[in-house]
Amino acid sequence: MSNRTFTMIKPDAVKAGNIGNILQMITDGGFKIVAMKYLHITTKQAEKFYEVHAGRPFYGELTQFMSSGPIVAAILEKENAVADFRKLIGATNPAQAEEGTIRKKYATSIGENAVHGSDSDENALIEGSFYFSGLEQF
Ligand code: RTP
Ligand code: MG
């Protein structure tokens with residue numbers, strides 16, 4: 001069990017002006033920000049990041065959306081980071097997200113759901129390394 005996870009504040013939440021609110025919820029949740037950057041990725045880069053979802057019906061929509069505006073990418077640290085962060089963000093579909101979760105507060109639909117959270121320790125490492133070099137991960 002690793003103590004790090006990877007997150008993105010997605011274009012919908014950035015556009016809505018919720019970077020500050022979401023970072024506050026993340027730090028209030030006990031997560032330390034290890035690395036962070038603000039950037040606008042291309043559709044090709046989004047396709048590469050979401051390669052595991054290639055072939056799923058929402059792949060095109062997802063990669064278009066993730067390249068539609070700037071995002072915030074970050075590596076977070078906390079004991080039991082992956083599971084605890086997925087608890088903090090809530091269900092993929094905000095209609096099913098619990099009260100007090102980031103998606104309940106800031107997501108608008110299953111596609112435009114405000115934040116990403118890695119689903120395993122292995123993917124947290126792969127995803128964090130997509131955005132941050134080894135030197136940036138201290
Ligand atoms: P994430 O990877 O963003 O943390 O979300 P997740 O694990 O809860 O959901 P996942 O199954 O990994 O799907 C990745 C993202 O694809 C979009 N999606 N759209 N239209 C749809 O049915 C649908 N299903 C998934 C969402 O943006 C989801 O977060
Ligand atoms: Mg996922």
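1. Start with what sits over helix H7. The cover on its buried residues includes strand S1 (4–9), strand S2 (32–39), strand S3 (71–77) and H5. Helices here are DSSP runs of H or I with at least four residues, strands are runs of E with at least two, and both are numbered from the N terminus. For the cover, contact is what counts: two C-beta atoms, placed from the backbone, within 7 Å.

2. A word on the source: this is a predicted model, where local features need pLDDT of at least 70, side-chain atom pairs count only at pLDDT 80 or more, and totals for chains, interfaces and linings use all residues. Residues are numbered from 1 along each chain as its sequence is written, while chains are lettered from A and ligands numbered from 1 in the order in which they are written.

3. Which residues of helix H7 are buried? In H7 (residues 121–131) they are Ala124, Glu127, Gly128 and Tyr131. They fall within an arc of 100° seen down the axis of H7, so they line one face of the helix; the arc is taken from the directions between the helix axis and the C-beta atoms. "Buried" means 20 or more other C-beta atoms within 10 Å of the residue's own, "exposed" means 12 or fewer, and "partly exposed" is in between.

4. Now strand S1. Six of its six residues are buried, so S1 is largely enclosed by the rest of the structure. Arg4, Phe6 and Met8 point one way, and Thr5, Thr7 and Ile9 the other.

5. S1 has partners, where pairing takes at least two DSSP bridges between two strands. It runs antiparallel to S3, with six bridges, and Phe6 stands opposite Ile75 there. S1 also pairs in the antiparallel sense with strand S4 (residues 115–117) over three bridges, with Ile9 facing Val115.

6. On to ligand 1. Around it are Phe58, Leu62, Thr92, Ile110, Gly111, Asn113, His116, Gly117 and Asp119, the cut-off being a C-beta atom, placed from the backbone, within 6 Å of the molecule. That shell divides into three nonpolar, five polar and one charged.

7. The unreviewed UniProt entry has a "binding site" annotation that covers Lys10, Phe58, Arg86, Thr92, Arg103 and Asn113; such annotations may be inferred rather than shown by experiment.

8. Two of those deserve a look. Phe58, in the loop between helix H3 (43–49) and helix H4 (59–66), counts as exposed because it has 12 C-beta neighbours inside 10 Å. Thr92, in the loop between helix H5 (81–89) and helix H6 (102–106), has 14 and so counts as partly exposed. Leaving aside neighbours within four places in sequence, Thr92 is in contact with Ile110 and Asn113.

Notes. Nonpolar A, V, L, I, M, F, W, Y, C, P; charged D, E, K, R; others polar.
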